[in-house]
Every structure is written in structure tokens, then in C-alpha cells.
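The following exercises guide a reader through one protein model. Each task is followed by a solution in steps.

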Amino acid sequence: MKKSKKGFWLFIAPALIVFTMVQIIPTFMGIGYSFTDWDGISKTKHFVALSNYITILTNDLQFKKAFVFTLLFSVCAVISVNVIGFALAMLVTQKIKGSNFLRGVFFMPNLIGGILLGFTWQFIFVQVFEAMGKKLDIAWLQGWLTDQKTGFLGLLIVVTWQLSGYMMMIYIAQIQNIPDSVMEAAEIDGAIGWTKLKSIILPLMMPAFTIGLFLSISNAFKLFDQNLSLTGGGPANSTQMLALNIYNTAFGENRFGLAQSKAVIFMIVVMVISVVQLTITKKREVEA
């Protein structure tokens, strides 16, 4: 037993050391910096207590706008990513030709980096949509990223296109884990179509929904690459999300202490939402 315990700790020690160095220590250092006025460059840091937090909650209108925009975007993205991901999973688990090929096609966007993905879709929205709008005389296709509403929709399209395939793989695994005997028994009892989906499949999918919702919530809230490359927060910071707002505060305005305070607030909000989501969905899980 002693040898097995030593082997266990030796085995996980490298991962624990790396995790501590890149996650735990920087987190506590960041919390410490949030109580200072550090500009991220100079060696001197002055302790300002809760001054940064008070400034954010009372005077930083841009942070509040970014918070509302991020919250609204996250709600829409979580719904679209999981609904489409589940629909794709249901499609490719049917007995149809080319289902394995379709799985690869739907998952492929997730392999593309966020920056590259953002610039690719920026070309589509700015060049392709603009040309189509002028050719067909369709006004809403023109100036797609120059308006907050269409900029929001553009971000939603990109994120949904990228993450739906990843959610699909999670849901495929859970669908294939449903015993055939349960499905056959349901069909014998007359459960078909919507009744079968609502009463049998969806309740048994809850473990996958727990994971899918957790991952999509965290990814939507922390979205940065696509926001930076697709809209850059424009026009006039109307599509700026929290991660980009924190980045601009730290490296654009050189107010590192203030940015860290925003990051701490951001971390607490995401943590609370994730814990509430996990608690609610875990209670709804059932076993086949």
C-alpha cells in the first residue's frame, strides 16, 4: 500500500507542479495585484485597497456594457451551440450512409484556431456579404460588422459554427451509451417521435447536458480570440466582451491593477454561474 501511494503521488506530481505554477500561483498573484495601482511595467506598486473594485462598480460604464453584452451573448451562444450540437448528434447516430464522414465534417471547425477563424469569417462578412448585398440589392447584407446587432449575430454564428461539432461528440457518446433494451422497450410501449425524445432520450442525456452546458458556458463567457479578430470590439466598443475589455485595460491603458480587479470579478461571476448550473443539472440526471 505504501509503495502504491508513493507511485501514485510520483505519477501525478509533474501535473500538479505544472498546474500550480500556471494556474494556482498566478491566480493568487492576480488577486494581490487587484488591490494595487500597478501599471504592469514599473517596479513600484501602491496598495489602494478596494479602490479598483469601487471604480469598476460605480464609474466604469464600458465594463458594465461589456458585462451585459457578454451575458446576453453567452445565453444565446449556450442555447444555439447545445441545440445544434444535440441535433447533429441525433442526425449522425441514425443508420444513414456517410454518418462517420459527417461526424468529421461537423467536428472540423473546432480544430481551427480562434484568431484564424475570426479573420476568415471577417472576410466572409465584410467582402462576400457586402458583394452579395450590392449585387442583390439587399441592405442588411451590407456593412455586416459595422452595426452592433449584426456584429453580435456575426459573433454568434462564428462561435456556434465552431463549437457545435465539439458538443456533438459529447452527445454522440451519451446517445451510444443508452442501452438498446431501453429504446426497444419504449418503442414496444408506443413511445415514438417526440414522445420518445421527451420521455426517454432527453432524461437519459442529462449527464452529457451537464458537461455540455458547463463547457459552453465557460467558453462563451471567456471568448476572446474571435472577438478580437472578428470585430475588435467595434463599432465604438459596442461588441466588446469582458475578456477583451480586461485585455484593453491591461495592455491598452496600462492599468494592470484595474484589469486584475475586473478579472477577479469576472472569475467570481463565471464560478457562481457554473456552480449553479452544475447543481441544477446534476439533480436532473437519471440512470438507465
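**Exercise 1.** Which residue lies over the face of W38, and at what distance from the ring centre?

*Solution.* The model is predicted: local features need pLDDT of at least 70, side-chain atom pairs count only at pLDDT 80 or more, and totals for chains, interfaces and linings use all residues. Residues are numbered from 1 along each chain as its sequence is written, and side-chain values use heavy atoms, with hydrogens and water left out. The rule for a charge over a ring requires NZ of Lys or CZ of Arg within 6 Å of the ring centre and within 35 degrees of the ring normal. The residue over the face of W38 is K45, at 5.0 Å from the ring centre.

**Exercise 2.** How many helices and strands are there in the protein?

*Solution.* Helices (H or I, at least four residues) and strands (E, at least two) are taken as DSSP runs, numbered from the N terminus. The protein has 12 helices and zero strands. Its C-alpha atoms fill a box of roughly 75 × 75 × 30 Å along the principal axes. Of its 288 residues, 39% are buried; buried means under 20% relative accessible area, exposed over 50%, and partly exposed in between (1.4 Å probe, protein chains only).

**Exercise 3.** Describe how helices α8 and α9 cross.

*Solution.* Two packed helices are described by the angle between their axes and the distance between the axes. Here, axes are lines fitted to C-alpha atoms, for helices over the stretch in contact, and angles run from 0 to 180 degrees between N-to-C directions. The axes of α8 (residues 193-204) and α9 (residues 206-221) come within 5 Å and cross at roughly 55°. The two helices are therefore oblique to each other (angles under 35 degrees count as roughly parallel, over 145 as roughly antiparallel, 65 to 115 as roughly perpendicular and the rest as oblique). On the α8 side, the contact (heavy atoms within 4.5 Å) involves L202, P203 and L204, while α9 contributes M206, P207 and F209.

**Exercise 4.** Characterise the aromatic pair of Y247 and F251.

*Solution.* Rings of Phe, Tyr and Trp (its six-membered ring) pair if their centres lie within 6.5 Å; planes under 30 degrees apart count as stacked, over 60 as edge-to-face and the rest as tilted. By this rule there are 18 aromatic pairs. Y247 and F251 form a tilted pair, 5.3 Å centre to centre with 45° between the planes. Because they are four residues apart in helix α11 (residues 242-252), about one helical turn separates Y247 and F251. Y247 is partly exposed at 36% relative accessible area, whereas F251 is exposed at 58%. Elsewhere, ring pairs link W121, F125, F129, W140, W144 and W161 into a cluster.
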